[in-house]
Amino acid sequence: MTKVYFVRHAQSDNTVRDSRARPLTDDGRRDSKAVSRLLADREISCIASSPYVRAVDTVSHFAELAGLEINVYEDLRERSAGGWQGDNFFEFVEKQWADFDYHIKGGECLREVQERNIRTLKNLLSEHEGKNIAVATHGTALSTMLNYYYPQYDFECFKKIVNFMPFVIRLDFEGDTPVNYQVELIIHKEYKY
């Protein structure tokens, strides 16, 4: 059995508009230590991460303690919203969940996000079969992966985790089929757009 600990990043500083470079807040840095405590006794053999700073930084303390390298995968990045500008981000996101092919110019649809994340996850499952893996990710990216395996995971489910930063959910796999899932950690933090 392969166990994958999906780690949605800790609270990030949304005043930094460059999504790739957005760092954790002071609270986020403190809360990332809870991720380290959780993963410390889980016999993690591989850490995979989105290239975005907030994802890498959420698992960097654990990686240092465990003596593990963080393997960065471009395809684990968060959804590109393109040039979205507006007052209600949830209206845009709800449209995307209603139609997985919906996107605005320069942005990605959820189907694209899901396909690239699942492709990377399946490679990780194959390369690390029978091991425990930590995957540092994002709310939308994680939600599309959960939707792939559990189609009932929808927009309402996504909305429930928006203020969970960090959030850790474990999926147990036989081959590339999930056989169990368990929420491991929830820290409530308000997400600000």
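Predicted model: local features only at pLDDT ≥ 70, side-chain atom pairs only at ≥ 80, totals over all residues.
- Strand β5 belongs to an open sheet of 6 strands, ordered β3-β2-β4-β1-β5-β6 with mixed pairing.
- The edges are taken by β3 (70-72) and β6 (177-188); each has a single partner strand, so one side of each is left without a neighbour in the sheet.
- On average, neighbouring strands of this sheet are turned by 20° against each other, direction ignored.
- Strands of a sheet pair through backbone hydrogen bonds, in either a parallel or an antiparallel way.
- For β5 and β6 the pairing is antiparallel, over 9 bridges.
- To find this pairing on screen, look for Ile169, whose bridge partner in β6 is Val183.

**Helices on the sheet**

- Helix α1 packs on the sheet and touches β1 (2-8), β2, β4 (132-137), β5 and β6.
- The direction of α1 makes about 140° with that of β6.
- Helix α2 (residues 53-66) lies across β1, β2, β3 and β4, and runs at about 160° to β2.

**Where helices meet helices**

- The axes of α4 (residues 110-127) and α5 (residues 139-149) come within 9 Å and cross at roughly 75°, which makes α4 roughly perpendicular to α5.
- On the α4 side, the contact is made by Leu110, Val113, Gln114, Asn117, Ile118, Leu121, Lys122 and Leu125.
- On the α5 side, Thr140, Ala141, Thr144, Met145, Asn147, Tyr148 and Tyr149 make the contact.
- Sorted by class, the contact of α4 with α5 has 9 nonpolar, 5 polar and 1 charged residues.
- In helix α3 (residues 89-98), the residues Phe89, Phe92, Val93, Gln96 and Trp97 are buried.
- Viewed down the axis of α3, these buried residues fall within an arc of 140°, so they line one face of the helix.
- An α-helix has 3.6 residues a turn, so residues three or four places apart point the same way.
- The buried residues of α3 pack against α4, α5 and α6 (155-161).

**A loop residue to look at**

- Glu43 lies in the loop between α1 (26-39) and β2 (44-49).
- Phi of Glu43 is near 50°, a positive value in a residue other than glycine.
- Is Glu43 buried or exposed? Glu43 has a relative accessible area of 67%, and so counts as exposed, the cut-off being over 50%.

Methods: Residues numbered from 1 in each chain as written. Heavy atoms only, no water. Axes fitted to C-alpha atoms, helices over the stretch in contact; angles between N-to-C directions. Helix = DSSP H or I, 4+ residues; strand = E, 2+ residues; numbered from the N terminus. Parallel < 35°, antiparallel > 145°, perpendicular 65-115°, else oblique. Contact = heavy atoms within 4.5 Å. Nonpolar A, V, L, I, M, F, W, Y, C, P; charged D, E, K, R; others polar. Buried < 20%, exposed > 50% of the residue type's maximum accessible area, 1.4 Å probe, protein only. Arc of directions from axis to C-beta. Pairing = 2+ DSSP bridges.
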